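Here is a short briefing on one protein model. Have the sequence and the 3D view ready as you read.

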Amino acid sequence: EKTIGPDDGAQDSGYTLSVGQNFGQFRIVRPLGRGGMGEVYEVEHNVLHRCYALKLLPPDFAEHPRALERFRREAHVMANLEHLNILRVDDFGETEGRYWLRMELARGIQVRDETVVSLDELAKVHDGKIPQDEFVLILKQILDGLIYAHKHGTIHRDLKPANVLLTLTGAKIADFGLV
């Protein structure tokens, strides 16, 4: 399912958690997006005061063993792929009956006075024509991450512009949910 971002008119419209709400050891800062395998929020750890991205499995999915196993596998695979061009996952758990995985927060880059978080957004800012030198650099980073993943027995299976996140340190491959 296509990932969709938060509705501009209502910051957390349609999401199961609300801005400012505490969820276990985290405070919800804002929703980042949702797709077929869950919702993603920017959260702040209540003790560490660090921000992360938190992906939550939909509540009803926990009742389906195959969906839960896919989510656990995603957490396990991503936590064991340590590469500059792969989004880092560092924790997995269950809170209030909801399963989650914690990831580094990709804050994006500034392009034409806009914050751009994904390759998909970058293409839109450039009207579908990313400058060649910029795209080649991003493509090399994606390939470096994929080569590393493949050497460790992992195939992404859902690589698309929305799953390539941009940070000040470079491009990062995200969402290994179909691995």
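This is a predicted model: local features need pLDDT of at least 70, side-chain atom pairs count only at pLDDT 80 or more; totals for chains, interfaces and linings use all residues.

By the rule used here, it holds eleven salt bridges.

**A salt bridge between two strands**

- Glu-39 pairs with Arg-98 in a salt bridge. Their closest N and O atoms are 3.9 Å apart.
- Glu-39 sits in strand S3, which covers residues 38-45. Arg-98 sits in strand S6, residues 98-103. The bridge therefore ties together parts that are 59 residues apart in sequence.
- Are the two partners buried or exposed? Glu-39 has 8% relative accessibility, so it counts as buried. Arg-98 also has 8% relative accessibility and counts as buried.

**A salt bridge between two loops**

- The side chains of Glu-104 and Arg-88 meet in another salt bridge, with an N to O distance of 3.8 Å.
- Glu-104 belongs to the loop between S6 and strand S7 (109-111). Arg-88 belongs to the loop between helix H1 (65-79) and strand S5 (89-95). This pair therefore links parts that are 16 residues apart in sequence.
- Glu-104 is buried, at a relative accessible area of 14%. Arg-88 is partly exposed, at 45% relative accessibility.

**A salt bridge within one helix**

- Lys-124 and Asp-120 form a salt bridge through their side chains, at 3.3 Å from N to O.
- Where do these two residues lie? Both are in helix H2, residues 119-125. They are four residues apart, so about one helical turn separates them.
- Lys-124 counts as exposed, because its relative accessibility is 58% and the cut-off for exposed is over 50%. Asp-120 is partly exposed, with a relative accessible area of 26%.

**A salt-bridge network**

- Which residues are joined into one network? They are Arg-30, Glu-42 and Arg-107. The salt bridges that join them share partners.

**The second largest pocket**

- The second largest pocket holds about 170 Å³ of space.
- Its lining is made up of Arg-50, Cys-51, Tyr-52, Arg-88, Asp-90, Met-103, Glu-104, Leu-105 and Arg-107.
- How many lining residues are charged? Five are charged, four are nonpolar and none is polar.

**Lys-172, a buried residue**

- Lys-172 is found in strand S10, residues 170-173.
- Its relative accessibility is 6%, so Lys-172 counts as buried.
- What does the side chain of Lys-172 reach? It reaches the backbone oxygen of Leu-84, at 2.9 Å.
- Beyond its neighbours within four places in sequence, Lys-172 is in contact with several residues, including Leu-84, Asn-85, Ile-86 and Leu-87. Glu-104 is one of its contacts as well. Others among them are Asn-163, Val-164 and Leu-165.

**Arg-72, a partly exposed residue**

- Arg-72 lies in helix H1. Its relative accessible area is 38%, which makes Arg-72 partly exposed.
- With neighbours within four places in sequence left aside, Arg-72 is in contact with Phe-92 and Tyr-99.
- Trp-100 is 28 residues from Arg-72 along the chain. The C-alpha atoms of these two residues are separated by 9.1 Å.

Methods
Residues are numbered from 1 along each chain as its sequence is written. Side-chain values use heavy atoms; hydrogens and water are left out. On a 1 Å grid over the protein atoms alone, a cavity is a set of points where a 1.4 Å probe fits but cannot get out, and a pocket is an open set with protein on both sides within 12 Å along at least five of seven lines; lining residues have an atom within 4 Å of a point. Grid points are joined across faces, edges and corners, and a volume is the space filled by probe spheres set on the points. Ala, Val, Leu, Ile, Met, Phe, Trp, Tyr, Cys and Pro count as nonpolar, Asp, Glu, Lys and Arg as charged, and the others, Gly among them, as polar. A salt bridge is a side-chain nitrogen of Lys or Arg within 4 Å of a carboxyl oxygen of Asp or Glu. Buried means under 20% relative accessible area, exposed over 50%, partly exposed in between (1.4 Å probe, protein chains only). A polar contact is a pair of N or O atoms within 3.5 Å; within protein, one must be able to donate a hydrogen and the other to accept it, and residues adjacent in sequence count only if both atoms are side-chain atoms. Contact means heavy atoms within 4.5 Å.
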